[in-house]
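The report below goes through one structure, from its overall layout to single residues. Please keep the sequence and the coordinates at hand while reading.

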Amino acid sequence: MITVEGLTKRYARHVAVDNISFEVAKGEIVGFLGPNGAGKTTTMRVLTCFLPPTSGKASVAGFDVLENPHEVKKRIGYLPETPPLYPEMEVLDYLVFVARLKGISGADVRKRADDAAGRCALGDVRHKLIGKLSKGYRQRVGLAQAILHNPDVLILDEPTSGLDPKQIIETRELIASLSGDHTIILSTHILSEVEHSCQKVLIINRGRIVASESVTGLTNKMRGADAVSIEVQADNLNPADVRQRFEQIAGISRVEVKDLRDSRVTLEVESLAGQNVRPELARSVVKAGWNLLEMRGINMSLEDIFLQLTGGNAPSPALESPVETAPKDEKGGDNK
Amino acid sequence: MKNIWVICQKELRSYFASPIAYLLITVFAVIFGYFFWRAIAYFIEAGMRMQMQGAMQPMSVNELVIGPLLSNMSVIILFLIPMMTMRLFAEEKNRGTIELLLTSPIRDWELVLGKWLGSMIMFLVILGVSCLNILLLFAYGRPDWKPVLAGLLGLILQGGAIIAIGTFISTTTRNQIIAGSVTFAVVLLLWVLSWLNFEQASWAKVLAYCSVLSHGESFTRGVIELKDVVYFLSVIFFGLFLTERSIESLRWRA
């Protein structure tokens, strides 16, 4: 559906996007991930024909963005970073305006506008002035604007930025409900976002793609080993003892003391792939007469992968995550 | 064609959703009313004086009232139009809505024409409200309507040209104040260029020919000259052409 080949976008002084290539198949949801200023927005702007590429090719549904921008624009719904809204218009009037702008005509205009407002849960504000809406509602009006003409391709630039956790979940659900008949590219610098919504992830840093893979494939690949976090408690507990004891268990490759408080010790234990060392760990704790307070598996999150791939020089994305960086979701399975 | 209308409607809606439309209509009507009142007062006084002197020359409402009124108005619109055009593109750029317009399946020239047409209709409304005054003259006297129409046509053409210039300047910045003041400066310059007519050098004559005012003059006297019509139409065309090129260059520079 979307093909990008050797795309480069150079501004006066710096290169925003440097020779990137990727492909997105029909119906896929692809997450564009990267720190601020990595080139996500620029790439999206090229795809939506807002900016021409300096060199390289980009095409949407078989139409080149330079040669046939009109056809490309017809097939794209775009939500820019700041939703393009007119504060002096009412929500429904705005949607009607956009519908006509997108080339819908006649009785369909009103129907599509109503429909989009309904899908984005704008029912109760449709006659309010956009200028009076809260940030969350504005974002949803922006989203309604993008899906209004039922485009083949949806390009969403940070669709959940500035939303509260409840709205983020609603937006995610909306995006998920759009998948299937729409091809979606969404950008974000929040990693949990991608883990939740996307099947495929493109990690971009300083204008280059550093990884392009399915979300599950990427986590699997980077993990290599299983890790367990274990918390042990006993009177006069010496962490070195615990560590020593654990290191003797077969299959354990690394033990690290993570936290030490009063008489509690938290350790991170890594084992070789495929070895289940948990029963042995538990037995060993009990045998030593300590109390086992907690034991849980640690999955390497996209955060870790991200930092690893971008050399750790990115502004820590974890800090910007507005919601829980939930332990990996149950999206596994569609590893295509 | 349909797209032009969509944009135009949106522009009109924006004008009337904000106080700017009502403000401009009121300001223009008040100023127009004042000039109208003074012109009529002068006309009546001149008529009285003429009667006391026993002179029996016929007095023309067209020459003494409508002509001066319309030429005054052609100056006033130089001040008003920058206020209408400054927001056209500067506001869209500032709000980021330009991204919506430029990624929608409409052509650049449709966008430009729609914006210009919206402003033009706004201008016609402002002019229309003020021209109700002139109807009064028809109620109480018998002015010749043809020179009035010629004068109005002159104002409309002149307005269209200035709007085209203002639309272009609005594409060059995201700050409305800058767009407005630069437009005003340019238009003012175009106006005073006519003073160069007193110079003898040929370059001065050429520049003087470019003045908006020297082309508006004959209209107020009820004369429609082809060279003036061509002048205004070329300015409109050139202004809109520059606007379209400027929009195109936005993509390459942005």
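Predicted model: local features only at pLDDT ≥ 70, side-chain atom pairs only at ≥ 80, totals over all residues.

Chain A holds 12 helices and 14 strands, and 40% of its 336 residues are buried. Among the contacts in chain A with a separation of 6 or more, 68% are between residues 24 or more positions apart.

One of the sheets to look at is an open sheet of 4 strands in chain A, with the order β2-β1-β4-β5 and antiparallel pairing. Its edge strands are β2 and β5 (63-64) of chain A, each of which pairs on one side only. Within this sheet, strand β1 (residues 2-10) and strand β4 (residues 55-60) of chain A run antiparallel and are joined by 5 bridges; Val4(A), for example, has Ala58(A) in β4(A) as its bridge partner.

Lys26(A) is found in the loop that links β2 (15-24) to β3 (29-33) of chain A. Is Lys26(A) buried, partly exposed or exposed? Because 13 other C-beta atoms lie within 10 Å, Lys26(A) counts as partly exposed. Apart from neighbours within four places in sequence, Lys26(A) is in contact with Met1(A) and Thr183(A). The C-alpha atoms of Lys26(A) and Leu47(A), which are 21 residues apart along the chain, are separated by 15 Å.

The buried residues of α1(B) are Ile4(B), Val6(B), Ile7(B), Cys8(B), Lys10(B), Glu11(B) and Tyr15(B). The cover over these buried residues includes α3 (91-101) of chain A, together with α2 (19-53) and α6 (108-130) of chain B.

At the interface, 17 residues of chain B are in contact with 21 residues of chain A. On the side of chain B that touches chain A, the elements giving two or more residues are α1, α5 (98-102) and α12 (226-253) of chain B, and the largest share, 4 residues, comes from α1(B). The table divides the residues of that side by kind.

| Kind of residue on the side of chain B that touches chain A | Count |
|---|---|
| Nonpolar | 8 residues |
| Polar | 6 residues |

In soluble globular proteins, nonpolar side chains tend to be buried together. The largest nonpolar core here has 130 residues, and those that touch the most other members are Leu33(A), Tyr94(A), Leu95(A), Ala144(A), Ile155(A), Ala161(B) and Ala164(B). Helix α8 (residues 145-171) of chain B gives the most to this core, with 11 residues. Ile155(A), leaving aside neighbours within four places in sequence, is in contact with Met44(A), Leu47(A), Thr48(A), Ile76(A), Tyr78(A) and Ile185(A). A second, separate core of 10 residues includes Val232(A), Val242(A), Phe246(A) and Val285(A).

Note on methods
Residues numbered from 1 in each chain as written. Chains lettered and ligands numbered in written order. Buried ≥ 20, exposed ≤ 12 C-beta atoms within 10 Å, placed from the backbone. Contact = placed C-beta atoms within 7 Å. Nonpolar A, V, L, I, M, F, W, Y, C, P; charged D, E, K, R; others polar. Pairing = 2+ DSSP bridges. Core = buried A, V, L, I, M, F, W, Y, C linked by C-beta atoms within 7 Å.
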